[in-house]
Amino acid sequence: MINLFIKKICDKISFSEHDAEKIKGIYNNKKLNFVDSLIESGLVNEYNILKTLSSIYSIPFVKKISMENNQHSFTEKISIKFLKKFCIVPIEKDKEIPVIALHDPSSMSPIDDIISILDFDKYELCITPRNEILSAINTFYNSTGSAMQLVEDMEGNGSSIIQEIEQTEDLLDDTSDAPVIRLVNHIISQSAKANASDIHIEPFQDSINIRYRIDGILYDLLSPPRWIQPFLVSRIKVMSNMDIAEKRIPQDGRFEVRIGDQEIDIRVSTVPTSFGERLVMRLLNKSRNFLELTQFGMEEKELAVINNLIRQNSGIILVTGPTGSGKTTTLYASLAAINSSDKNIITIEDPVEYNLKGIGQIQVNRKIGVTFAKGLRSIVRQDPDVILVGEIRDLETSKIAIQSALTGHLVFSTLHTNDSAGAVTRLVELGVEPYLITSSVKAVIAQRLIRILCNNCKKKHLLDTIEIQNLNINKNFKDKTVYKANGCLKCFDTGYIGRQAIFEIIEIDNELKATILKTSDSNEIKKIALKNGMSTLRDNCIKKLLNGATSVKEVLRVT
């Protein structure tokens, strides 16, 4: 059957015999469906594949699913897992023939199941991009009886809502009955319930997407009508004490909400785009208990090294990684571990994300001149034992941090680099002399967050040759049993629940000091560190894979 499909595609798109064999290999080894195998090959993009299949099968290609006036009674009869697995969704509108949107026309048996379950006499098919189908599925199942009803209320009462939105003073009073306010409350409460870290409101030419980030991955939450976007943004701006009249420049704000017994601090950022203001909310749950270092999922050897480092009397300990890799959580857990009545611990942060009992925390405020450098100068005069600098961004801050470390203080800070060896290169780029780095920096810890498989639904999986090549591990691991994501109600059909940190720790020993004085090349520094027994981020990831904690796909995504 696969040969027939490839032949049909080859008639339309100029594929060589080598290309056809590559597609067959992906189809057989990765167990993907036909369309996904074509996309995975990288030979042609999804849009062209679907247009070609539309021509071959005489099924219309629909680039975007209209979400207006859609019925979603089928959500009570068909599981979300089924629709996502086969990437299909029924679209029913009043007085119209139902349409079933599908991604892969080579597999029609799931269509027969839907027709049977929903008892369709007549129906039509359309070929649609994967993201559009998944977005529609998420919208139907997330909004049943809740968010979409709020959207419909808004559509039915448009003119009065516009008046409410434009009158700022009314929104500051008790106007909780306004549909736009209830919609904003719903978006925030749904995101908090799902333990989301961020909410994105993204305007496009004829639509807006509302997405939330769970465990580092963005998922579609809702796609309301395009005209609602300015009113949603205005409502959130009012809550954040931002200027709703100013739409030409980026703005920042914050507000706090209580949802049940949870206190959530929300940081808001807006930027102007071609189609209106784009808004992102970062959710910080203040009610959540702080993690201890023992809860990070690290091995005993790593835990012992970190416990030893954070109990030094002086020096700098740097934590590196991209935004959202858990650096602040690691630093807070480290401070909590060494916090005692005989220590004076002071931090300067941007922003202060959580309040730590017994620790003095300073908020950066550039409007009044409180920068990392100025705040750090003041902290040194406060007789501290331990100092936390939220981030080293410039030469001035790095010099004061180093000076503090050399005069008997233990300094924690973060840098934005890809790995631990890159921290030295970054400091040299900022203008720090290598001899100052070797005399002050005790260690660099690089970290990432990796999603952990849901124990309720994870499936056994045998490593194949391609995966072993991609992971760059020993060929003896072929057919080794690991696990892969599946999806169930418990994990919101993602296949993962929660995250753990993986670490790459470089302790600056005498050999590394000699290397740093000669060169700031991160490759040379990493080579010495590996020779001395450093375990890389990829190594730590693979350990979690072989222990059954995560999947091959997640290891390749993170490292």
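1. W227 is partly exposed, with a relative accessible area of 32%, where buried means under 20% relative accessible area, exposed over 50%, and partly exposed in between (1.4 Å probe, protein chains only). F231, by contrast, counts as buried at 11% relative accessibility. The structure holds three aromatic pairs, and in one of them the rings of W227 and F231 have their centres 5.9 Å apart and their planes at 70°, so the pair is edge-to-face. For such pairs, rings of Phe, Tyr and Trp (its six-membered ring) must have centres within 6.5 Å, and planes under 30 degrees apart count as stacked, over 60 as edge-to-face and the rest as tilted.

2. Please keep in mind that this is a predicted model, in which local features need pLDDT of at least 70, side-chain atom pairs count only at pLDDT 80 or more, and totals for chains, interfaces and linings use all residues. Residues are numbered from 1 along each chain as its sequence is written, and side-chain values use heavy atoms, with hydrogens and water left out.

3. On confidence, pLDDT is the predictor's confidence in each residue, from 0 to 100; the mean for the protein chain is 81, and 85% of its residues reach 70 or more. Over residues 153-175, however, pLDDT stays under 50, and the model has 28 contacts beyond four places in sequence for them, a contact being heavy atoms within 4.5 Å. Where pLDDT is low, the predicted coordinates should not be read in detail.

4. As for the overall picture, the protein chain has 559 residues, of which 49% count as buried, and its secondary structure comes to 23 helices and 19 strands. Helices (H or I, at least four residues) and strands (E, at least two) are DSSP runs, numbered from the N terminus. Among the contacts in the protein chain with a separation of 6 or more, 63% join residues 24 or more positions apart.

5. An α-helix has 3.6 residues a turn, so residues three or four places apart point the same way.

6. Most residues other than glycine have a negative phi, and most peptide bonds are trans. Just after α6, D119 takes a positive phi of about 60°. C87, in the loop between α5 and β2, is not a glycine and yet has a positive phi of about 50°; this residue counts as buried at 1% relative accessibility. N241 also has a positive phi, near 60°, and is a residue other than glycine, but N241 lies in the loop between α12 (229-239) and β8 (251-259) and counts as exposed at 71% relative accessibility.

7. The largest nonpolar core has 35 residues, and those with the most contacts inside it are I316, L318, L427 and V441; such a core is a set of buried Ala, Val, Leu, Ile, Met, Phe, Trp, Tyr and Cys residues joined through side-chain atoms within 4.5 Å. Leaving aside residues up to four places away in sequence, V441 touches I316, L318, L427 and I508. L427 is also one of the buried residues of helix α17 (residues 422-430), together with G422, A423, V424 and L430, and α17 is followed by G431, whose phi is positive, near 110°.

8. T320, in strand β11 (residues 315-320), counts as buried at 0% relative accessibility. T320 and G422 are 102 residues apart in sequence, although their C-alpha atoms are 8.8 Å apart in space. Not counting residues up to four places away in sequence, T320 touches residues including K327, A423 and Q447.

9. Finally, two charged side chains sit over rings, a description that requires NZ of Lys or CZ of Arg within 6 Å of the ring centre and within 35 degrees of the ring normal. R451 lies over the face of Y496, at 3.9 Å from the ring centre, and K458 lies over the face of Y483, at 4.5 Å from the ring centre.
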